[in-house]
Amino acid sequence: MAITSMRPHAAPDPTAAVETPPVNETTHAPEAAAATPAKIRLSERASGAARAATANVTGRRVRRAVYMAIPVLAVNACAFLGQLGYFHTHLTAWGLPGQLLVAAALESIAVFLSYHAHIARIGDDPAFRLQMSAYALALIIGALNYSHWASADWRPNPIAITFALMSAVSPWLWGIHSRRESRDTLKASGLIEPHAVRLGSTRWTWHPYRSARTMFRATWEGTTNPAEAIAADKAARDAKDAADLPATEIDPALLAAMSARDRLIWAWGVIGTTDVPKAAALLASNGVTIDQSHARTIRKQLETTAATAIGAGQP
C-alpha cells in the first residue's frame, strides 16, 4: 500500500515557468571588443588635451615669472650695488663680507615682505598690511640710499636719484606681478567678474549719452559683449516706451486701411504730440510698421500746410 505524503499542496511558482533566454555571448562580444578600444582612444585624447592645457598654463606662468624676474632682479642688483658702494668706503672695519651682508640685508627687507604679500594674495588671504609695510620700508631704504650719494645738504644728483629709485620701486614691481597672478587665480575660480563692456571711442564721441546709458546697464547685468549690451539697452528702452503708451481701442482692419498720413495723424492725436518715435511705437503696438524718415517728411508737410493756412488767415 502506497503512503501518500501529508504535506500541503504548494502553489505553483509563476516565475518558474518563465525561462530566461540565454545570453548570446558570441553576438555581443565583437561589439564590446570594438567599443572598448574606441573608449580607450577617446579617454586618451581627453587626457592628452588636459595635459596639453595644463602644460600651456604652466608654460605661460613660467614665461611670465621669467619676464617679471628680469627687471626685478636688475633693479634689486642696482640698489644693492648702491648700498655696497657706500659701505665699501664707510664700513671698512667689517671687511668685504660684512659690507656685502649689510647691503644685501637692507635691500632684502622690502623684497621679503613683498614676497610674503604675494603668497598671501595668491592664497586669497589679506595682504594689505604686508604690502604697505613693504612700500614704507622701501621708501625708507630708498631715502637711505639717496643720502649715500646726494650732494651737500641732500641736493639731488642723477646718481642719488637713480639708486634711491631702484630701492623704492622694487616692491611696486613685485606688486604688479602679484596682482596679475592673483587676479588670474580668482578669475579661474569664479570669484571676480571679468572686465566690463568696452565701447569704442567712436561711439563715445558721437553718442556719449547712449554710450553711458548702455555702460550703466551692462555693468550691473554683467554683459561684456558690446553688441549684446547695445541690444539689451535698446530692448529696455523699447519696453519702457511701450509701457508709457496710452491704451487704444481701434479696429486693426480700419487702421490697416488708412493711409500713412492718416495713421500718423491718428497716432499723434492719441499721444498728444507729433513725436515720430512715439507714434511709430504706438502704431507698432497695433501691428502697423512705418518708416520714421517718411513720417518726418509727412510731419514737415503738415507743418508747412498749417503755417500757410495760418498766414492766409484760414482757421
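Trainee: Which residue does Arg261 form a salt bridge with?
Mentor: Its partner is Asp262, and the closest N and O atoms are 3.9 Å apart. A salt bridge here is a side-chain nitrogen of Lys or Arg within 4 Å of a carboxyl oxygen of Asp or Glu. Keep in mind that this is a predicted model, in which local features need pLDDT of at least 70 and side-chain atom pairs count only at pLDDT 80 or more, while totals for chains, interfaces and linings use all residues. Residues are numbered from 1 along each chain as its sequence is written, and side-chain values use heavy atoms, with hydrogens and water left out.

Trainee: Is Arg261 buried, exposed or partly exposed?
Mentor: Arg261 is partly exposed, because its relative accessible area is 43%. Asp262 is also partly exposed, at 35%. The cut-offs are under 20% relative accessible area for buried and over 50% for exposed, with partly exposed in between (1.4 Å probe, protein chains only).

Trainee: How many salt bridges does the structure hold?
Mentor: There are 5. Another one pairs Asp153 with Arg155, at 3.9 Å from N to O. Asp153 counts as exposed because its relative accessibility is 71%, while Arg155, at 45%, counts as partly exposed.

Trainee: And what distance separates N and O in the Asp233 and Arg213 pair?
Mentor: That salt bridge comes in at 3.3 Å. Asp233 sits in helix α7 (residues 226–244) and Arg213 in helix α6 (residues 208–221), so the pair ties together parts that are 20 residues apart in sequence. Asp233 counts as buried, with 2% relative accessibility. Both residues belong to a salt-bridge network that also takes in Arg217 and Arg237.

Trainee: Stepping back, how many helices and strands does the protein have?
Mentor: It has 11 helices and 0 strands. These are DSSP runs, numbered from the N terminus (helices are H or I, at least four residues; strands are E, at least two). Of the 315 residues, 24% count as buried.

Trainee: What share of the contacts join residues at least 24 apart?
Mentor: The share is 53%, taken among contacts between residues at least 6 apart in sequence. A contact means heavy atoms within 4.5 Å.

Trainee: New topic, Ser170. Which helix is Ser170 in?
Mentor: Ser170 is part of helix α4 (residues 158–188). This residue counts as buried because its relative accessibility is 3%.

Trainee: What does Ser170 touch?
Mentor: Leaving aside residues up to four places away in sequence, Ser170 touches Val75, Asn76 and Val111. With Asn76 there is a side-chain polar contact of 2.8 Å. A polar contact is a pair of N or O atoms within 3.5 Å; within protein, one must be able to donate a hydrogen and the other to accept it, and residues adjacent in sequence count only if both atoms are side-chain atoms. The C-alpha atoms of Ser170 and Leu73 are 8.8 Å apart, although 97 residues separate the two along the chain.

Trainee: Now the outside. Which residues form a nonpolar patch on the surface?
Mentor: Val62, Val66, Tyr67 and Ile70 do, with about 420 Å² of accessible area together. Patches take residues with over 30% relative accessible area and no salt bridge, joining like charges within 9 Å and nonpolar side chains (Val, Leu, Ile, Met, Phe, Trp, Tyr) within 5 Å. Areas come from the Shrake-Rupley method with a 1.4 Å probe, and for residues only the protein chains shown count as cover.

Trainee: Where is Ile70 found?
Mentor: Ile70 is in helix α1 (residues 25–90), and it counts as exposed because its relative accessible area is 55%.
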